[in-house]
Amino acid sequence: MQRYVVQRLWHLVPVLLSVSVLVFLMVHLVPGDPVQVMLQEYGSPAQEAALRHSLGLDRPLAVQYGTFLWRLLHGDLGRSIHSGRPVIAEIALRLPYTLWLTAASMAVAIALGLVLGMVAALWHRRILDYAAMIAALAGISLPSFWFGLVLILVFSYYLRWLPAAGADTPWSLILPAVTLGTSAASIIARLSRSSLLEVLRQEFIRTARAKGVNELQVLYRHGLRNALIPVLSIIGLQFAGLLGGAVIVESVFGWPGLGRLAVDAIFNRDMPLIQGIVLIAAAIFVAVNLCIDLLYALVDPRIRYS
Amino acid sequence: MLSSTRGSGTAETGAAGAARPVRALSHAAIGLRRITQHRGAVAGAVLIAGLFLGALMAPSFARYDPTEPHFGLRLQPPSAVFPLGTDSFGRDILSRLAYGGRVSLVVGAVSVLVSFAVGLPLGIVAGYAGGRTDNLIMRAIDVWLAFPELLLAIGIVAVLGPGLQNVMLAIGISGVPGVCRLVRGSVLSIKEEAYIEVARAVGGTAAHIVRAHVFPNVLAPVLVLLTLRLGTAILAGVGLSFLGLGVQPPTPEWGAMVAEGRAYLQQAWWVSTIPGAAIFISVMGFNMLGDGLRDALDPRLH
């Protein structure tokens, strides 16, 4: 296992370095003069020169990247052009909200997805199966921003059960988490259904039943535990969907997370802030996938030795 | 059980079909029959046909100008005059919906084309060439995948600036890794088939083998992915327009229409919810057709 961990960590080095190069290049890929774009053409020549110098854009590309990487390793992502505050401070302020939201959505997705998938598999080709799979199909096709608005309309405006926006009470988390988690729940439902069906067809299930193990035990100890292994592998991928989807869902619910910060940064053409957010999101995503891979290897010993 | 026997059957008819064009036709006919017998696929195809028809015929049933405001007719509820009501500028929602469908369809189609134009050749080359070429391409794809898809699209729009063209490019580019990985996987499994070995043994060049034997056999999974990606791309497109990064007002577009109606959700529910429902139904159509195609053409895919 230790060798596997070291190996996986070692693989991350080139990926993270390439990510840093791409994020660094973002400023240079802006069509036209990035400084003029960032100042939205309102800057005087002196302001432009000052910004160019403070961003280091007047130095050779390799030197710029070296500085960028050096600062990055010291936790310095530069300063936001709009607010003038350090990018890392802006992100630190908003990141917890996004982490809460994605974690809650993931919980919704796993709970709902597993229940739907199990119900569908156990009642295979019966009405409950079809109902669950139609629900999953609908869940994948839902535009999250619209689903969120419909939930607000029903649960905030008509029933007055839950707040429509903001992050003032723990109740505020429910609607955004359900909105964001639904699509991932649908994908988990589909996969856990087909995975459970596959496992229930295996010889060892028949053996367990034949030797008189009660049905619940068969399902839990032999069925579910084996069926969950492939499901685990897509949870990491679903996390990517949640991080991206958070941008939209946060805008719908006025949730003060990274996604809202990103959208504001785009409208302000605040490149350092955008770079910082993209970099942090990629790093989180890579870290989550690493954890899932390690967990996967822990659950399924075949992976460690291949 | 059924799926595994069907899977090997597909591969065999594919092999014979590549050698004799007459059999290839019947192979396609079998696929077509399976599709028309799949209830979900037919329902999806009907939804999509309706969507296309609505977008094509927009000028004939849109009774009003989709962009011209009429401030005396703001937020009218659905009625005989305005079947789906009016928005906060007094514009007929049905007319805007019809023209907006065109934009969403074009965004979906163009971005999927971009994904496949880059991902398909990359996947074929990586899968067929193998070795260092494969390694190089897949390492690049790994880096690409380090960015969550929608976030990558948003990042690209951030660099290029908001606007419809940039949105299509961004969604297209962020979809490349998925296409590349699927195509590479399919090519890898086809490469091991006996007919490829035969083609190589009789002196076929790599270019010929790819064109005549590999490409026709990856078509089925590519078609399935293409259909499913259309749904995803439309969703991403309306999402970015909802955020204000896509089309700019007053152009009608479904995501932007939902965003415009948000402020009036309580007093005029129809402004936001109707275009949202249109998105939902269209994407569902593509997903149903894609799932049906997958069941019919390639049961091995999941």
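Colleague: In what order do the elements of chain A run from the N terminus on?

Modeller: Bear in mind that this is a predicted model. Chain A has 13 helices and 0 strands, and, from the N terminus on, its elements run α-α-α-α-α-α-α-α-α-α-α-α-α.

Colleague: What percentage of the residues in chain A are buried?

Modeller: The C-alpha atoms of chain A fill a box of roughly 85 × 55 × 30 Å along the principal axes. Among contacts in chain A with a separation of 6 or more, 71% are between residues 24 or more positions apart. Of the 306 residues in chain A, the buried share is 38%.

Colleague: Are helix 5 and helix 10 of chain A parallel, antiparallel, perpendicular or oblique to each other?

Modeller: Two packed helices are described by the angle between their axes and the distance between those axes. For helix 5 (residues 87–122) and helix 10 (residues 215–253) of chain A, the axes come within 10 Å and cross at roughly 130°. Because of that angle, helix 5 of chain A is, relative to helix 10 of chain A, oblique.

Colleague: How many charged residues are there in the contact of helix 5 with helix 10 of chain A?

Modeller: From helix 5 of chain A, the residues taking part include Leu101(A), Met106(A) and Ala109(A), and from helix 10 of chain A they include Phe239(A), Leu242(A) and Ala246(A). The residues of this contact divide into 7 nonpolar and 4 polar, and the number of charged ones is none.

Colleague: Is the crossing of helix 5 and helix 10 of chain A left-handed or right-handed?

Modeller: The two axes come within 10 Å of each other. The handedness of the crossing of helix 5 and helix 10 of chain A is right-handed.

Methods:
Residues are numbered from 1 along each chain as its sequence is written. Chains are lettered from A and ligands numbered from 1 in the order in which they are written. This is a predicted model: local features need pLDDT of at least 70, side-chain atom pairs count only at pLDDT 80 or more; totals for chains, interfaces and linings use all residues. Helices (H or I, at least four residues) and strands (E, at least two) are DSSP runs, numbered from the N terminus. A residue is buried if 20 or more other C-beta atoms lie within 10 Å of its own, exposed if 12 or fewer, and partly exposed in between; C-beta atoms are placed from the backbone. Two residues are in contact if their C-beta atoms, placed from the backbone, lie within 7 Å. Axes are lines fitted to C-alpha atoms, for helices over the stretch in contact, and angles run from 0 to 180 degrees between N-to-C directions. Angles under 35 degrees count as roughly parallel, over 145 as roughly antiparallel, 65 to 115 as roughly perpendicular and the rest as oblique. A crossing is left-handed if the near helix is turned anticlockwise from the far one by less than a right angle, and right-handed if clockwise. Ala, Val, Leu, Ile, Met, Phe, Trp, Tyr, Cys and Pro count as nonpolar, Asp, Glu, Lys and Arg as charged, and the others, Gly among them, as polar.
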